[in-house]
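Please walk through this protein one element at a time, with the chain and the model open side by side.

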Amino acid sequence: MKLFLDTAVFDEIKQGVDWGVVDGVTTNPTLIARAGQDHETQVKRICGIIGNVSAEVVSEKKNDILVEGRRLASWHKNVIVKVPMTADGLAAGKILAGEGTRINVTLCFSINQALLAAAIDAHIVSPFVGRVDDIDEDGLQLVRDIVAAYRQKGIKTKVLAASLRGPFQVSQSALAGADIGTMPFSVLTAMFKHPLTDAGLKRFKEDYLKTQEPKPADASAGVGSSASVVGASETRGSDEDSLDQLWADHATLASQLGLLERVADVIGGEDLPPETLRAELDRAYDLVAGKVLPHIRTADDLQRISAGHDYARAPVHPDHDQAEQLSSTLEGFRARVARGDIEGTPREIRRILYQLHALTRPHFADQGQSR
Ligand code: G3P
């Protein structure tokens, strides 16, 4: 299964491309607006670094979609025009496909809709896994069913699993036979993670350090040595207390992080009064801003110190990076909620809280135990 990014944030796409793991991008007007950019400028910029860039029309009538679709397609050869799963969207999509434009039929929620998309020779059909799950149905089963229906007759339209909110949905979409999975950047970074990889790296580093002759002259400087906190603690007496404290904090934090999931569950409920949303969000944010972020920033500082202040060489833990990004998005939503702008925000907040929980809980639990 090919991996696409579901974002319009250029830096995220650039990073995915630099890692060499991303084959395309899906954008929509919401994502472009969130990236704070003009549609045409941003789509062209993204097309400059990667192929397969879905750009979505906002028109609703067939002729308007046709005009808009032609305009989007003229921006760059890498553009795939995204049309909605409506009669007008398909009618316009059929003509555009006939003109050689690649079409992505979006907002697909049933096998029949997928058959209609295939009937117009769409290049891609996009079933929305997460949004099907949102209404208590099985989004992954939908992907499985569409793939099965297409395979029966050798249909060439590619099945793109969209609205993926976590790494599990990605792996299961691949097993369901999806050709492509599109996901937010945070989900892509979560795909790299496995606790045994972290544990294995730590062990290799420790074993390597054991083979090194102790060099008293180097003991305090740490220049050229590992940036690993554990490795560094063996040579830097002065920071050992701080490191011990950090490890102890891991266990404490691991026991408190369930709050994020509990708040996410509450926020997901129907008709949540705005004051409850604000209060619950504050509870979660206090934990993130008051405990999690100070902890990871201290840990990063110690890593940098352990590398002799060699900032270029000192890696910041990828979990820390991702937690910073998710926290800053959460902060943005908190500001919106405080302004009374709650349209569509609870679902997004819930998603971020689940992601923060899924990221931080194993991180703190694993490293807490390893000490
Ligand atoms: O790929 C479609 C995506 O942008 C929708 O995701 O999480 O808003 O349902 P979501």
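S3 and S4 pair in the parallel sense over four bridges, where two strands count as paired if DSSP finds at least two bridges between them. Helices (H or I, at least four residues) and strands (E, at least two) are DSSP runs, numbered from the N terminus. Within this pair, Glu 56 stands opposite Lys 82 in S4. Strands of a sheet pair through backbone hydrogen bonds, either parallel or antiparallel.

The coordinates are a predicted model, in which local features need pLDDT of at least 70, side-chain atom pairs count only at pLDDT 80 or more, and totals for chains, interfaces and linings use all residues. Residues are numbered from 1 along each chain as its sequence is written.

S4 is mostly covered, with six of its six residues buried. A residue is buried if 20 or more other C-beta atoms lie within 10 Å of its own, exposed if 12 or fewer, and partly exposed in between, with C-beta atoms placed from the backbone. In a regular strand the side chains alternate between the two faces of the sheet. In S4, one side holds Val 79, Val 81 and Val 83 and the other holds Ile 80, Lys 82 and Pro 84, all of them buried.

Which residues of helix H3 (residues 39-47) are buried? They are Gln 42, Val 43 and Ile 46. Seen down the axis of H3, these residues fall within an arc of 95°, so they line one face of the helix; the arc is that of the directions from the helix axis to the C-beta atoms. The buried residues of H3 pack against H1, S2, H2, S3, H4 and S4. Contact here means that the C-beta atoms of two residues, placed from the backbone, lie within 7 Å.

H1 has Glu 12, Ile 13 and Gly 16 buried. They cover an arc of only 95° around the axis, which puts them on the same side of H1. The face turned away from that buried side carries the exposed residues Asp 11 and Asp 18. The buried residues of H1 pack against S1, S2, H3 and H10. Just after H1, Gly 20 takes a positive phi of about 80°.

Around the ligand are Asp 6, Thr 26, Asn 28, Phe 128, Gly 130, Arg 131, Ala 162, Ser 163, Arg 165 and Thr 182, each counted because its C-beta atom, placed from the backbone, lies within 6 Å of the molecule. By class, this shell has two nonpolar, five polar and three charged residues. Ala, Val, Leu, Ile, Met, Phe, Trp, Tyr, Cys and Pro count as nonpolar, Asp, Glu, Lys and Arg as charged, and the others, Gly among them, as polar.

Arg 283 lies in helix H15 (residues 274-306). Arg 283 is partly exposed, with 14 other C-beta atoms within 10 Å. Not counting residues up to four places away in sequence, Arg 283 touches Leu 259 and Val 263.

Overall, the protein has 17 helices and eight strands, and 38% of its 371 residues count as buried.
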